[in-house]
Amino acid sequence: MAKKVVGTLKLQVPAGSANPSPPVGPALGQRGINIMEFCKAFNAKTEDMEKGAPCPTVITYYQDKSFSMEIKTPPASYYIKKAAKLKSGSQTPGKAVAGSITGKQVREIAEAKMKDLNANDIEGAMQIIMGSARSMGIEVK
């Protein structure tokens, strides 16, 4: 018999560094999810990723207090800022340019994000990434 789903929870946790401190602990605790079990499972699944990369995670929790999680790729903005070697985007996007990335870097980001993007092919994914870069005030060369 299938488990009864109680709900879902979305968190953004740094890869390889989930711990019971806020915001992870309280968010899981108030839903009755075993915090240490989640932290161990999450850290094991993300150990091959870059440490500290923000990972959007969708946690589905069930009536018997068990859970399942789906870990997505880090946000496009994280990859774009990393490629442009910036701390943050432009304060005034559209007016001031904060930095630039190459077409090759856009393709690499699109390939890394492909499974989480709503695109049919790599060219469509590249268009999405270029749009994200422009909205951050980062020029694509």
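This is a predicted model: local features need pLDDT of at least 70, side-chain atom pairs count only at pLDDT 80 or more; totals for chains, interfaces and linings use all residues.
Let me start with helix α2, residues 35–45, where Phe-38, Cys-39 and Phe-42 are buried, buried meaning under 20% relative accessible area, exposed over 50% and partly exposed in between, with a 1.4 Å probe and protein chains only. These three cover an arc of only 100° around the axis, which puts them on the same side of α2; the arc is that of the directions from the helix axis to the C-beta atoms. Helices here are DSSP runs of H or I with at least four residues, strands are runs of E with at least two, and both are numbered from the N terminus.

Residues are numbered from 1 along each chain as its sequence is written, and side-chain values use heavy atoms, with hydrogens and water left out.

What covers the buried residues of α2? The cover includes β1 (5–14), α1 (24–29), β2 (54–62) and β3 (67–71), where contact means heavy atoms within 4.5 Å. At the start of α2, a side-chain oxygen of Asn-34 comes to within 3.2 Å of the backbone nitrogen of Met-36.

Turning to charges, there are 3 salt bridges, each defined as a side-chain nitrogen of Lys or Arg within 4 Å of a carboxyl oxygen of Asp or Glu. Glu-70 pairs with Lys-72, the closest N and O atoms being 3.3 Å apart; Glu-70 is partly exposed at 43% relative accessible area, and Lys-72 is partly exposed at 28%.

Which residues are linked in a network of salt bridges? They are Arg-107, Glu-111 and Glu-123. Glu-111 and Arg-107 have their closest N and O atoms 3.9 Å apart, and, being 4 residues apart in helix α4 (residues 103–113), they are separated by about one helical turn. Between Glu-123 and Arg-107 the closest N and O atoms are 3.3 Å apart. Glu-123 lies in helix α5 (residues 122–135) and Arg-107 in helix α4, so this pair ties together parts that are 16 residues apart in sequence.

Conventions
A polar contact is a pair of N or O atoms within 3.5 Å; within protein, one must be able to donate a hydrogen and the other to accept it, and residues adjacent in sequence count only if both atoms are side-chain atoms.
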